Amino acid sequence: MKHQEPLLVQILASTLGIDTKDVVDFELNLFDVQPSSLGGIHSEFVHSSRLDNLASCFLSLRGLIDHVSNNGLENDSDISMIAMFDHEEVGSSSATGAGSPIMGEAVKRISHVLGAGEDSPMLYDRTIQRSFVLSVDQAHAVHPNYASKHEKSHGPKLNGGMVIKRNSNQRYATNGMTGLIVRQIAKKAGLPPIQEFVVRNDCACGSTIGPIISANTGIRAIDMGCPQLSMHSIRETMGTKDLTHGLALFRAFFEHFSLIDNQIED
């Protein structure tokens, strides 16, 4: 361990209750441990670290749990699942990132089971065609000091509901059909109209795992998320209502997707 700071190794060994000689190597990540807090005159804001993208992870997991708890599986003809990938902020090109074969292999295994253990290329192709990915990552809300960064009519506001992301350079996976499906799901569930996010054409635009998964598998996808400020800061801010809106959309997606999708195909 000559390449590591001796004092750091001593601290780690002491914490683990082992001898420093037993520490062969390690990967150490530091992060903010302060609890989240509410802010604003009416407690309308949530201040926390890593809202991007732990907020979406929490909402998707809670939505799936609620779907199961409300007997959603009894009338569910779909395979309802969530996937949380590593390394999204650094390109997703890793063995556990969205650029890995994980998603495609998962669909293959599921289609294999649905085919009673027999490999059927046609069943796999059909499974891909019928699948749909919600790529949910936090979205940039309009900052009062930098409102010009957004297209004038496509700037999401805090506590204004979920946001669909669009980009003509394919930095986001949203297209006309996937956007329509999610909007119809929200409408059927009685949710607030979904906001739109479009960065100005002359400004740089980030990306998500949506285009990566869609390109690697052929699965339809949409990019969306909850609006927030101070993305990637040690302390980020989002609206309390948007957590409620996000959870409601996940619940509605698990419940109504097949119905809406079938109506559009018809």
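**Why do we call it that? A chat about a predicted model**

Guide: Let's start inside strand E7, where Ile 222 is the bridge partner of Leu 134. Bear in mind that this is a predicted model: local features need pLDDT of at least 70, side-chain atom pairs count only at pLDDT 80 or more, and totals for chains, interfaces and linings use all residues. Residues are numbered from 1 along each chain as its sequence is written, and side-chain values use heavy atoms, with hydrogens and water left out.

Visitor: What makes E3 and E7 a pair of strands, and how do they run?

Guide: Strands pair if DSSP finds at least two bridges between them. Five bridges join E3 to E7, so these strands pass the rule, and they run parallel. Two bridges join E5 to E7, an antiparallel pair.

Visitor: How do you know where a helix or strand begins and ends?

Guide: They are DSSP runs, numbered from the N terminus: helices are H or I runs of at least four residues, and strands are E runs of at least two. For the protein chain that comes to seven helices and nine strands.

Visitor: Why do you say E7 is largely enclosed?

Guide: Buried means under 20% relative accessible area, exposed means over 50%, and partly exposed is in between, using a 1.4 Å probe and protein chains only. Five of the six residues of E7 are buried, so the rest of the structure largely encloses this strand.

Visitor: Why is Cys 205 called buried?

Guide: Its relative accessible area is 16%, and the cut-off is under 20%, so it qualifies.

Visitor: And what makes a group of residues a nonpolar core?

Guide: They must be buried Ala, Val, Leu, Ile, Met, Phe, Trp, Tyr or Cys residues, joined through side-chain atoms within 4.5 Å. The largest such core has 27 residues, and Phe 132, Leu 134, Val 182, Ile 185, Ile 222, Met 224 and Phe 253 touch the most other members. H2, E3, H5, E7 and H7 each supply at least two of its residues. H7 gives the largest share, eight residues. A second, separate core of 12 residues includes Met 103, Ile 128, Val 133 and Ile 213. In soluble globular proteins, nonpolar side chains tend to be buried together.

Visitor: Which residues does Phe 253 touch, leaving out those up to four places away in sequence?

Guide: Phe 132, Leu 134 and Ile 185. Touching, or contact, means heavy atoms within 4.5 Å.

Visitor: How do you know that the buried residues of H6 line one face?

Guide: Those residues are Gly 210, Pro 211, Ile 213 and Thr 217. Seen down the axis of H6, they fall within an arc of 165°, so one face it is. That arc is taken from the directions between the helix axis and the C-beta atoms. Their cover includes H3, H4, E3 and E7.

Visitor: What makes Arg 50 and Asn 71 stand out?

Guide: Most residues other than glycine have a negative phi, and most peptide bonds are trans. Arg 50 has a positive phi of about 60°, and Asn 71 also has a positive phi of about 60°. Arg 50 lies in the loop between E2 and H2, while Asn 71 lies in the loop between H2 and H3. Arg 50, at 34% relative accessible area, is partly exposed, and so is Asn 71, at 44%. As for peptide bonds, the one from Asp 52 to Asn 53 is cis, with omega near 15°.

Visitor: How do you know how many disulfides there are?

Guide: A disulfide is a pair of cysteine sulfur atoms within 2.5 Å. By that rule the count is zero. For Cys 57, the nearest cysteine sulfur, that of Cys 226, is 12 Å away.
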